[in-house]
Amino acid sequence: MKTLYILNNPQLFEQCTLAMGTQDALLLIEDAVVLSEQQSSDENHFVLEEDLIARGLNSGSSWNKKNYNEFVALTLEYNKSVSWL
Amino acid sequence: MSKSLAIIFNKAPYGNQSGRELLDIALMAAAFDMEISALFIGDGVYQLLTNQQPDILHMKNHSSTYKALELYGIETVLVSSEDLEQRRLSESRLMPVSSLSNHKQINKTIAESDFVFML
């Protein structure tokens, strides 16, 4: 089962990535988008573009960016999504 | 075929209500014969400590309700041994309601569940 993990709390990055399987994906939203400046990314790591732009972080990040519509499309590619709180 | 729900406790008790509320949700979902697993990771392991006395904070002690998990047919109650060790907690300090597990097994349960819920 492929799971999309959605993280909005930067403090829980390690705990969340620890739970993820190799097939799973991670999407950073809200405050957690700051992590895209600090953490290296791989191909199943995404960050929500609108939250980056809002925070003036849009240029620096090497993470794959997704806007809201692409976020919705992303959720359809996975069996379930988990909001890691 | 009944759906499976993994409920993840990752916060210590009494600083917020997430432990108590997740417990209520687990018991309710079990009553709707969903297959429930209760997973304790990170600071969530503190939820299972014995002799909690929150009345000193004028708060309700929800920890005794963890004994109801088994009564409601929730057999998969796993606590992460790595996270206990990291916090220098021995299993003997926990209520006898969970079985010692590890991240690999807990992650497998999360992956295989139809739904995963946290608060």
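**View 1. Sequence separation of contacts in chain B.** In this predicted model, take the contacts in chain B between residues at least 6 apart in sequence: 77% of them join residues at least 24 apart. Going from the N terminus, the elements of chain B read β-α-β-α-β-α-β-α-β, which comes to 4 helices and 5 strands.

**View 2. Overall dimensions of chain B.** Along the principal axes, the C-alpha atoms of chain B fill a box of roughly 45 × 30 × 25 Å. The radius of gyration of chain B is 13 Å, and that agrees with a compact globule because one with 119 residues would come out near 14 Å. As for burial, 48% of the 119 residues of chain B count as buried.

**View 3. Where chain B meets chain A.** Here 16 residues from chain B and 11 residues from chain A make up the contact. Between them, the two chains bury about 1000 Å², with 58% of that on carbon and sulfur atoms. Look for B:Asn107, B:Ala111 and B:Met118: they supply 38% of the area that chain B buries against chain A, more than any other three residues.

**View 4. Polar pairs and elements at the interface.** Polar contacts are another story, with 7 residue pairs between the two chains, both partners at pLDDT 80 or more. On the side of chain B that touches chain A, α4 (103-112) and β5 (115-117) are the elements that give two or more residues. The most come from α4(B), with 5 residues. Sorted by class, that side of chain B has 8 nonpolar, 5 polar and 3 charged residues.

Key
Residues are numbered from 1 along each chain as its sequence is written. Chains are lettered from A and ligands numbered from 1 in the order in which they are written. This is a predicted model: local features need pLDDT of at least 70, side-chain atom pairs count only at pLDDT 80 or more; totals for chains, interfaces and linings use all residues. Side-chain values use heavy atoms; hydrogens and water are left out. Contact means heavy atoms within 4.5 Å. Buried area is the accessible area (1.4 Å probe) that two parts lose on being put together, summed over both. A polar contact is a pair of N or O atoms within 3.5 Å; within protein, one must be able to donate a hydrogen and the other to accept it, and residues adjacent in sequence count only if both atoms are side-chain atoms. Ala, Val, Leu, Ile, Met, Phe, Trp, Tyr, Cys and Pro count as nonpolar, Asp, Glu, Lys and Arg as charged, and the others, Gly among them, as polar. The radius of gyration is taken over C-alpha atoms; the globule rule is 2.2 Å times the number of residues to the power 0.38. Buried means under 20% relative accessible area, exposed over 50%, partly exposed in between (1.4 Å probe, protein chains only).
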